[in-house]
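Work through the exercises below with the sequence and the coordinates open. Try each task before reading its solution.

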Amino acid sequence: MNKLELQKTANEVRKGIVTAVHSAKAGHPGGSLSAADLFTYLYFQEMNIDPKEPKKADRDRFVLSKGHTAPGLYSTLAQRGYFPTEDLKTLRHLGSYLQGHPDMKHIPGVDMSSGSLGQGISAAVGMALSAKMDGADYRVYTLLGDGEIQEGQVWEASMFAGFRKLDNLVVIVDNNGLQIDGSIEDVCSPYPIDKKFEAFNFHVINVADGNDFDQLEAAFKEARETKGMPTAIIMKTVKGKGVSFMENEAGWHGKAPNDAEYEIAMADLEKAGEALCQK
Amino acid sequence: MSEVKKIATRESYGNALVELGKKYDNLVVLDADLAGATKTGTFQKAFPERHIDCGIAECDMMGIAAGMSTTGKVPFASTFAMFAAGRAYEQVRNSIGYPHLNVKIGATHAGISVGEDGATHQCNEDMALMRTIPGMVILNPSDDVEAKAAVEAAYQHEGPVYLRFGRLAVPVINDKPDYKFVIGKGIVLREGKDVTIFATGLCVSETLAAADKLAADGIDAKVVNIHTIKPLDEELVVKAAKETGKVVTVEEHSVIGGLGGAVAEVLSEKAPTKMLRIGINDVFGESGPAVKLLEKYGIDANGIYAKVKAFV
């Protein structure tokens, strides 16, 4: 996919996020939207996957360690063809397979159940270690929140990954700067994030704008070329990206838009979509 | 009387892993800096490339095991019961239990027979914690023979299994040609009509000794070895309770939530029976030699004998 196609796809992913969360009357739009471009890049450009064979043994793996942004992952999987986009409206509904947090047992394309913060990265490390032991060449990607890295388990897993030189592992930190209680700097600052991962023997790539596909492409290319150590991509993003009233607002971490807000949000995204079509 | 052979079930665990490792390439063993104590060091020597020391990071170890299991490996994640079931409870619940992954948890140093290390390391709550996780199988073998059989059964079982092992050397009691280990099936070791004593883990041999003393006093006790705490052999529990009319449970674990709790839950619903739970009575342990602790907390043969005699 070229950049414009990726942008258009990400815009559709954003519509799916807003629609799903609105229909659920609950969920986490802010961090889903900030990572929408990353999700799109991984599933449409970077990863070796096949929606027709979600369990293929040699596929690349993705673990959504910040599991509460499931709407972002689900919307991307739906766009990629793992299940119908129509099903996104059943998010969090009783009886739906689209659980509030990723459920590998019931959702095609979900490689690991997650949601309790700090745990997904360990599972991703386990998958990467398996690949090394088996001489398999699949790669493992995991996305963490910048608030999530306050969990100690993240650093247990990072210490292990660095020590074991898991260069088939890419840890991505969605540095949107906000967590539920406010700014990450006010709650319990994790900065400097890059220095921490460097100290844990990662190759660190700082991405100034994680909502820009050129910068994502350059980062993942560099990660792929990095040998002998795992890569951490620290990407600055805008929480709530693409929806005017949600951008950079901590209040939209875990809240659904009401009907009126939903209309505004979708109008924002329709407009963005039209602008992309003009290009 | 000839000397009874004794071996700690943690030793059996390490030995069984080596045997299984020869047969199955996808078996891997994880440790958290306790390979020497959990006895998986023997596996490490035999298969260094399949032994992964995660360092002192039990929560991470459970997650790594979960991730490895999604790629087709069968990880045995090993540490002390305190850290496996206690510290890493939520990782076991959410990363292993919820997705029902094929991870085996080898928990050694369970119960007060840890001895001198004292209360911080004497886990008397692990079976209670693990019982609350849907789909978790809990095996608590009584001796070397049973422990090895349990490890093999755990490997063959698809889904999470919690295996409970001890530090203290215990008598070999199941070295019989007709011995058979089936997950979820209790084993009647002695028939009796006055009372049924359900025992588990190292308390099984102590209970058999207690039953001999009770017999000398004219009390005819049926003794059942419950090696699988979950799923509990409900059919056998109800049948034996109806036959003898009185039931005792014996375990090196809190009387809350373990074997006693499980049996009480079943009987109160299906066959209300007068019952006595013998175990750790909702207190923390303390430092001391293991055998002295078993005596002090009343779960050695003499303690069991006295309590059952008073109960019957």
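Helices here are DSSP runs of H or I with at least four residues, and strands are runs of E with at least two. The model is predicted.

**Exercise 1. State what share of chain A is helix and strand over residues 8-261, and how far apart the end C-alpha atoms lie.**

Solution. 
Step 1. UniProt, in an unreviewed entry, gives residues 8-261 of chain A as "domain: Transketolase N-terminal".
Step 2. Read the content. This stretch of chain A is 39% helix and 13% strand.
Step 3. Take the ends. Their C-alpha atoms are 22 Å apart.

**Exercise 2. Find the confidence scores of the model and of chain B.**

Solution. 
Step 1. For the model, ipTM is 0.97 and pTM is 0.97.
Step 2. For chain B, the average pLDDT is 97.
Step 3. In chain B, 99% of the residues score at least 70.

**Exercise 3. Describe the side of chain B that touches chain A.**

Solution. 
Step 1. Count contacts. Chain B brings 22 residues, in contact with 20 residues of chain A.
Step 2. Assign elements. In chain B, α4 (58-69) and α6 (89-97) each supply at least two residues of this side.
Step 3. α4(B) gives the most, with eight residues.
Step 4. Sort by type. This side of chain B has 10 nonpolar, nine polar and three charged residues.

**Exercise 4. Locate the two domains of chain B and describe how they meet.**

Solution. 
Step 1. Domain 1 of chain B is 6-171, and domain 2 is 187-311.
Step 2. Take the separation. Their C-alpha centres lie 25 Å apart.
Step 3. Count contacts. In chain B, 28 residues of domain 1 are in contact with 29 residues of domain 2.
Step 4. Assign elements on the domain 1 side. α7 (126-131), β6 (137-139), α8 (144-156) and β8 (169-171) of chain B each supply at least two residues.
Step 5. Sort by type. The domain 1 side of chain B divides into 13 nonpolar, nine polar and six charged residues.

**Exercise 5. Check the lengths of helices α1 and α11 of chain B against 1.5 Å a residue.**

Solution. 
Step 1. The expected span is 1.5 Å times one less than the number of residues.
Step 2. Helix α1 of chain B (residues 9-23) has 15 residues, so it should span 21 Å; the end C-alpha atoms are 21 Å apart, in agreement.
Step 3. Helix α11 of chain B (residues 259-270) has 12 residues, so it should span 16 Å; its end C-alpha atoms are 16 Å apart, which agrees.
Step 4. List buried residues. In α1(B) they include B:Y13, B:L17 and B:L20.
Step 5. In α11(B), the buried residues include B:L259, B:V263 and B:L267.
Step 6. Recall the geometry. An α-helix has 3.6 residues a turn, so residues three or four places apart point the same way.
Step 7. Find the packing partners. The buried residues of α11(B) pack against several elements of chain B, among them α7, α10 and β13 (246-254).

**Exercise 6. Are A:K25 and A:R92 buried or partly exposed, and where do they lie?**

Solution. 
Step 1. Note the backbone. A:K25 is not a glycine, yet its phi is positive, about 60 degrees. A:R92 also has a positive phi, near 65 degrees.
Step 2. A:K25 is in the loop between α1 (3-24) and α2 (29-34) of chain A. A:R92 is in the loop between α4 (70-80) and α5 (120-134) of chain A.
Step 3. Apply the cut-off. Buried needs 20 or more other C-beta atoms within 10 Å, and exposed means 12 or fewer.
Step 4. A:K25 has 13 C-beta neighbours inside 10 Å, so it is partly exposed. A:R92 has 19 other C-beta atoms within 10 Å, so it is partly exposed.

How values were computed: Residues are numbered from 1 along each chain as its sequence is written. Chains are lettered from A and ligands numbered from 1 in the order in which they are written. This is a predicted model: local features need pLDDT of at least 70, side-chain atom pairs count only at pLDDT 80 or more; totals for chains, interfaces and linings use all residues. Two residues are in contact if their C-beta atoms, placed from the backbone, lie within 7 Å. Ala, Val, Leu, Ile, Met, Phe, Trp, Tyr, Cys and Pro count as nonpolar, Asp, Glu, Lys and Arg as charged, and the others, Gly among them, as polar. pLDDT is the predictor's confidence in each residue, from 0 to 100. Domain bounds come from an automatic or database domain assignment. UniProt positions are given in the numbering used here, feature names are shortened, and annotations may be inferred rather than shown by experiment.
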